[in-house]
Amino acid sequence: MVDERLNVLLVEDTAPLAALYQAYLQDEPLSLTVVSNGQQALEHIRRQPPDILLLDLILPDMPGMEILQWLHREQPNVTTIVMTAHGSVDVAVDAMRLGAHDFINKPVEAERLKVTLHNTMKFRHLNQLVDRYRHEIEREPFQGFIGASLPMQKVYRLIENAAPSTATVFITGESGTGKEVCAEALHRLSGRSEGPFIALNCAAIPKDLMESELFGHIKGAFTGALQDRDGAVIRADGGTLFMDEICEMDLELQSKLLRFLQTGQIQPVGSSQQIKVDVRIVCATNRDPLVEVEQGRFREDLYYRLHVIPIHLPPLRERGGDVINIANALVRQASREENKSFVGLSEATKDRLQGYHWPGNVRQLQNVIRNAVVLHQGEWIEQDMLPAPLDTPLAHSTPSQPVADALPAPIVPLSVIERQAIERAISHCQGNVSRAAALLEVSPSTIYRKLQSWDNS
């Protein structure tokens, strides 16, 4: 059954047939209007565009193809089903090129008409969902991120939902996936955006200086402490403290960090005074924190104190077409900065970048693009401009399968597989192209075009 009440316009100049089709559809939850010629159809569409148009191609005052041409220009959202007793593959293809969704040969049986309407309704519904989906996810670069892949959409939603909170966020992901970009996005979208954002890399600071870097010190606290110095926590007061590579922190300092998280107070090195601070903590690691806990390198109680809202950043190889979007943006940026004329990537370069496994993720991609832009001239980044190993064809650098070990297998041309699948579906549906298209999850117009190309070959 049709899922929702539709406005359907039937253009049929033969009164008995029009009455017959009305009888076929009388139990369907739709609003059916019947007109008998092209001029009436155009007037009705201008006044109230229907959801679905059932259009006879042979009309007393004008060819139905003229109406299709007008719809294609003026009302592309009207979904049209062409009906004619003079059907052929060529006619069907011409109609599809002008925007018709499906094609029915007359006379039309009741079941055929209902099935076609139901499939058309599903098609419209899916298109509406896709449009809504695109509107929601195909946004401009999100807070420093580029890409609209499904894994990144999940990350964007988590960031938007977590940002207004004061809860601690624990970011995980491989090196180069953008953990600091994520932390900055959380800060900018939070109520603390006017406050400071302080980033502290726990792996880059020597163990004996880490406590001072984090909590500060007073003059004379240790050799070389010539004056009081605020640590990262105090500098981040009223804002966000991002602690990158948190799993590199020494166990003894982990206990002091835990005490700070529990009390909201710090004690600078060498001082006896407790200082109250208001800081939102965001931390990150490229390790598996639970493995670090199991191995005794990270305190379990600190892990559970920090791991309130987890956000995992997917590696670049799992982000699909984001690779090309990011690369194009990097080309434009590097070209501006280096005063070069590059505008994008060649098709071969796109294929190479898309097929690479990117162990260094976005950071590695940045280096690859910068290298190509700096060392070469031109308009398009060609594959031979890429640094090793990307300057070689994909088959010679696939990391998971050495070429020498790969055994060739018989290959069936994709066109043969496609034709077999379409012919099998049409046979299974007893010649009903619309039903075959629904099973194959393609548009009927795709099948009609294929049929025509095979007839002409």
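A crossing of two helices is right-handed if the near helix is turned clockwise from the far one by less than a right angle. In this predicted model, α13 passes α14 in such a right-handed crossing, and α13 passes α15 in a right-handed crossing as well.

**Packing around α13**

- Two packed helices are described by the angle between their axes and the distance between the axes.
- For α13 (residues 322-337) and α14 (residues 347-355), the axes come within 9 Å and cross at roughly 125°, which makes α13 oblique to α14.
- On the α13 side of this pair, Val323, Ile324 and Ala327 meet Lys350, Leu353 and Gln354 of α14.
- Helix α13 also packs with α15 (residues 361-375), at an angle of about 45° and with the axes 9 Å apart, so that α13 is oblique to α15.
- The contact with α15 is made by α13 residues including Ile326, Leu330, Val331 and Ala334, and on α15 by residues including Val362, Leu365, Ile369 and Val373.

**Nonpolar cores**

- The largest nonpolar core has 33 residues, and those with the most contacts inside it are Val11, Leu53 and Ile67.
- Among the elements that each supply at least two residues of this core are the strands β1 (6-11) and β3 (52-56) and the helices α2 (38-47), α3 (64-74) and α16 (414-428).
- Apart from this core lies another, of 31 residues, among them Phe215, Phe260, Cys283 and Leu302.
- Leu53 touches Leu9, Val11, Ile45, Ile67, Leu71, Val78, Thr79, Thr80 and Ile81, when residues up to four places away in sequence are not counted.

**Helix α1**

- In α1 (residues 15-24), Ala18, Tyr21 and Tyr24 are buried, and because they cover an arc of only 120° around the axis, they are on the same side of α1.
- The face of α1 turned away from this buried side carries the exposed residues Ala15 and Pro16.

**Backbone details**

- Most residues other than glycine have a negative phi, and most peptide bonds are trans.
- Glu245, in the loop between β10 (240-244) and α10 (251-263), has a positive phi near 50°, and its relative accessibility of 13% is under the 20% cut-off, so Glu245 counts as buried.
- Trp358, in the loop between α14 and α15, likewise has a positive phi near 50° and is buried, with a relative accessible area of 0%.
- The peptide bond from Ala388 to Pro389 is cis, with omega near 5°, and Pro389 is placed in the loop between β16 (380-381) and α16.

Definitions and conventions: Residues numbered from 1 in each chain as written. Predicted model: local features only at pLDDT ≥ 70, side-chain atom pairs only at ≥ 80, totals over all residues. Heavy atoms only, no water. Core = buried A, V, L, I, M, F, W, Y, C linked by side-chain atoms within 4.5 Å. Buried < 20%, exposed > 50% of the residue type's maximum accessible area, 1.4 Å probe, protein only. Helix = DSSP H or I, 4+ residues; strand = E, 2+ residues; numbered from the N terminus. Contact = heavy atoms within 4.5 Å. Arc of directions from axis to C-beta. Axes fitted to C-alpha atoms, helices over the stretch in contact; angles between N-to-C directions. Parallel < 35°, antiparallel > 145°, perpendicular 65-115°, else oblique.
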